[in-house]
Amino acid sequence: MDTETRFNQTLDYLYSFVDYSLKKASELAKAEFNLDRMQALLEKLGNPHLAYPVIHVTGTKGKGSVCALCASALQTGGHKTGLYTSPHLLDYCERIQIDGKPISHDELSDLVDEIKPVVASIPKLTTFEITTALGFLYFARQGCTTAVIEVGLGGRLDATNVVRPKVAVITSISYDHTAVLGDTLTLIAGEKAGIIKEGIPVVSAPQQREALTVLKKVAAQRLAPFTLVGREVTVAPLLRSLSVQTFQVRSKKIAALTLSMPLLGAHQVDNAATAFAALEAAELGLSYSDIQNGFYRVKWPARFEVARQEPPVIFDSAHNRDSFARLRQTLDEYFPARPVYLVFGVSEDKMLRDMLEEIRPRTTRLIATRADHPRALEAEKIVEMAAQAGVESEAATPVEAALARALELAGSTGIVLSAGSLFVTAEVMRAWEKYK
């Protein structure tokens with residue numbers, strides 16, 4: 001059997017289990033989240049997640065960027081570095097990477113074939129639980145000396161919350177997945193704080209007061225040293241361009257360190273300061289030069305990624321009100337006066353009205369579309385809501401047609417921007433390939 005046929009059969013197997021990323025909000029709210037299945041699975045696999053030190057990262061927004069920055073610095077510093085993130089952008093194997101290279105299709109298929117008898121012995125396992133275990137196992141088998149692990153959903157009952165981390169990292173908390181995590185920042189922060197372990201350092205990005213109160217309380221209860229970006233670690237922007245931004249961080253350990261990275265936007269400066277603080281707290285033997293070089297080399301696509309500078313084509317992954325506020329701020333920083341033609345699609349469970357209201361001041365026209373995904377909202381429903389929110393819009397499907405329409409409308413002066421759910425931007429990126 002050829003590699004791709006076998007890989008597709010592997011994906012069919014993984015997706016034959018319950019995959020909550022493909023479920024509607026009403027089904028997600030009824031999900032049976034607990035760590036018993038995960039612990040049983042890992043025990044039968046030899047507890048591979050205990051074979052290397054871990055940086056564990058949760059939050060609503062920014063956790064992927066923080067993970068990518070940490071992993072890049074660790075790799076630069078000589079660590080064989082595992083990186084586990086979700087969801088993927090273009091290929092399922094992106095979720096499990098070592099030193100920036102995804103597990104190969106053959107390697108994933110081999111591991112899946114190996115663990116099938118163990119999986120069969122544990123009822124009710126989910127796609128995410130199995131994939132997480134595969135990541136842990138792959139990192140151990142390949143001799144990783146450290147791993148950066150991103151929480152999938154929440155924290156307290158997430159499948160990744162079996163690790164014993166060197167540091168627990170909590171990025172910006174805002175409203176998302178409210179059907180599962182709760183409809184207040186207090187409840188959401190309580191779920192995120194579930195990754196805080198007894199005596200293990202905690203690093204938090206700047207937070208709204210309601211969320212911060214919860215994090216500080218849980219950290220105190222668990223005697224976990226608490227570092228807050230903006231207090232113990234401070235950051236100041238210096239320079240920015242469309243390819244790089246430079247800033248300075250200060251901490252109790254260093255008076256000032258100048259850092260540069262290709263991730264754009266003021267929010268990414270906060271993410272970088274959070275990653276810096278996490279690397280300091282983890283004490284994994286990195287030099288400040290390793291952090292500088294690692295941040296400069298980081299790759300994390302579809303986060304205000306400028307695919308073409310003139311006329312601009314930008315890929316982004318904003319999918320809640322807070323992230324759209326940051327996207328609007330970044331547009332104002334880099335392109336203060338240019339019209340924006342937004343290719344937009346979203347999951348049916350997202351707070352659509354909030355996102356539309358946030359981006360309305362910067363959107364000349366919204367081209368609503370629907371990705372090939374079971375949770376994707378119909379383009380026509382987006383147009384209806386856009387009209388209520390006072391956003392000029394039209395529908396265009398499939399995604400390829402929406403991109404073509406946006407490029408046509410933008411001409412030589414406008415900005416084509418893709419945002420909304422990550423699976424929409426992934427399809428836009430594929431469609432963009434033919435224009436390059």
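Biologist: Is glutamate 408 buried or exposed?
Modeller: Glutamate 408 counts as exposed, because its relative accessibility is 56%, and please keep in mind throughout that we are looking at a predicted model.

Biologist: What does arginine 405 form with glutamate 408?
Modeller: Arginine 405 forms a salt bridge with glutamate 408, and the closest N and O atoms of the pair are 3.3 Å apart. Both residues lie in helix α15, three residues apart, which is about one turn of the helix.

Biologist: Why does that spacing matter for which way they point?
Modeller: An α-helix has 3.6 residues a turn, so residues three or four places apart point the same way.

Biologist: Which residue does lysine 434 pair with in a salt bridge?
Modeller: Lysine 434 forms a salt bridge with glutamate 400, with the closest N and O atoms 2.9 Å apart. That pair links distant parts of the chain, since glutamate 400 is in helix α15 (residues 399-410) and lysine 434 is in the segment after α16 (422-432), 34 residues apart. Lysine 434 counts as exposed at 55% relative accessibility, whereas glutamate 400 counts as partly exposed at 41%.

Biologist: How many salt bridges are there in the whole structure?
Modeller: A search of the whole structure finds 24 salt bridges. One of them joins arginine 328 to glutamate 358, where the closest N and O atoms are 2.6 Å apart. Arginine 328 lies in helix α12 (residues 321-334) and glutamate 358 in helix α13 (residues 352-359), so this pair ties together parts that are 30 residues apart in sequence.

Biologist: Is glutamate 358 buried or exposed?
Modeller: Glutamate 358 is buried, with a relative accessible area of 11%, while arginine 328 counts as partly exposed at 25% relative accessibility.

Biologist: Which residues are linked with those two in a network?
Modeller: The network of salt bridges links Arg321, Arg328, Arg353, Asp354, Glu357 and Glu358.

Biologist: Which strands does β17 pair with?
Modeller: Strand β13 (residues 313-315) pairs with β17 in the parallel sense over three bridges, and serine 418 in β17 is the bridge partner of phenylalanine 315. Strand β14 (residues 340-345) also runs parallel to β17, and six bridges join the two. There, glycine 345 stands opposite glycine 420 of β17.

Biologist: How far is glycine 345 from leucine 407?
Modeller: Glycine 345 and leucine 407 are 16 Å apart in space, C-alpha to C-alpha, and 62 residues apart in sequence.

Biologist: New topic: where does α5 bend?
Modeller: Helix α5 bends by about 40° at glutamate 114, and a proline, proline 117, follows within four residues. The helix has 16 residues (105-120) and reaches 22 Å from its first C-alpha to its last, close to the 22 Å expected at 1.5 Å a residue.

Biologist: Which residues of α5 are buried, and what covers them?
Modeller: The buried residues in α5 are His105, Leu108, Ser109, Leu111, Val112, Ile115, Val118 and Val119. What covers them includes α1 (3-15), α3 (36-44), β3 (96-98) and α6 (127-141).

Biologist: Last one: how many disulfides are there?
Modeller: The count comes to zero disulfides. Cysteine 67 is in no disulfide, as the nearest cysteine sulfur, that of cysteine 70, is 6.8 Å away, whereas a disulfide needs the two sulfur atoms within 2.5 Å. Cysteine 67 counts as buried at 0% relative accessibility, and cysteine 70 also counts as buried at 0%.

How values were computed
Residues are numbered from 1 along each chain as its sequence is written. This is a predicted model: local features need pLDDT of at least 70, side-chain atom pairs count only at pLDDT 80 or more; totals for chains, interfaces and linings use all residues. Side-chain values use heavy atoms; hydrogens and water are left out. Buried means under 20% relative accessible area, exposed over 50%, partly exposed in between (1.4 Å probe, protein chains only). Two strands pair if DSSP finds at least two bridges between them. The expected span of a helix is 1.5 Å times one less than its number of residues. The bend at a residue is the angle between axes fitted to the seven residues ending there and the seven starting there. Contact means heavy atoms within 4.5 Å. A salt bridge is a side-chain nitrogen of Lys or Arg within 4 Å of a carboxyl oxygen of Asp or Glu.
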